[in-house]
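Try each task before reading its solution.

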Amino acid sequence: MPLISTKGVYGLTAMYELSKHQADTPMQIKEISANANIPQNYLEQLLSKLRRAELVKSIRGARGGYILARNPSEIKVVDILIALEDDIKNDDFVSIALL
C-alpha cells in the first residue's frame, strides 16, 4: 500500500479546515492556508483537483471562497486521496468517514 504524500496530507488538512467552517459561508484560500499552514499556491492546485472531484464547491466574488460540496460525514478519506493522488486506486484503502 502506498504512503500518503504531502499532497494527500495537505488535502486532508484543507478538507478538515473546511469541515470546521460554517457550511453556508465560503472560506477563502488565504484563511485555509493560514489555519492549515499550507502554501497558498499549492493549496490552489489541491482545491482545483478537489473541485473537479466534486468534493468542494468554489464561490466567486469578493466574499467567495470554498465550501464542502456535501455534508462532512458523507466525505470519505479515500475519496479525497483518490482525487489528489495519481497512483492510488480505490482498492488500496478502507473507506473511512472524514468525521
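**Exercise 1.** Which residues of the largest nonpolar core touch the most other members?

*Solution.* Keep in mind that this is a predicted model. The largest nonpolar core holds 21 residues, and those touching the most other members are Met 15, Leu 18, Leu 47, Leu 50 and Ile 80. Next, look at where the core comes from: α1 (6-20), α2 (29-36), α3 (40-52), β2 (65-68) and α4 (77-84) each give two or more residues to this core. Finally, zoom in on Leu 47: setting aside residues up to four places away in sequence, Leu 47 touches Leu 18, Ile 29, Ile 32, Val 56 and Tyr 66.

**Exercise 2.** Describe helix α1, from its span to its packing.

*Solution.* Begin with the span: the 15 residues of α1 reach 21 Å from first C-alpha to last, close to the 21 Å expected at 1.5 Å a residue. At the start of the helix, the backbone nitrogen of Lys 7 has a side-chain oxygen of Ser 5 within 3.2 Å. Then list the buried residues of α1, which include Gly 8, Gly 11, Leu 12, Met 15 and Leu 18. The buried residues of α1 pack against α2, α3, β1, β2 and α4.

Terms used. Residues are numbered from 1 along each chain as its sequence is written. This is a predicted model: local features need pLDDT of at least 70, side-chain atom pairs count only at pLDDT 80 or more; totals for chains, interfaces and linings use all residues. Side-chain values use heavy atoms; hydrogens and water are left out. A nonpolar core is a set of buried Ala, Val, Leu, Ile, Met, Phe, Trp, Tyr and Cys residues joined through side-chain atoms within 4.5 Å. Buried means under 20% relative accessible area, exposed over 50%, partly exposed in between (1.4 Å probe, protein chains only). Helices (H or I, at least four residues) and strands (E, at least two) are DSSP runs, numbered from the N terminus. Contact means heavy atoms within 4.5 Å. The expected span of a helix is 1.5 Å times one less than its number of residues. A polar contact is a pair of N or O atoms within 3.5 Å; within protein, one must be able to donate a hydrogen and the other to accept it, and residues adjacent in sequence count only if both atoms are side-chain atoms.
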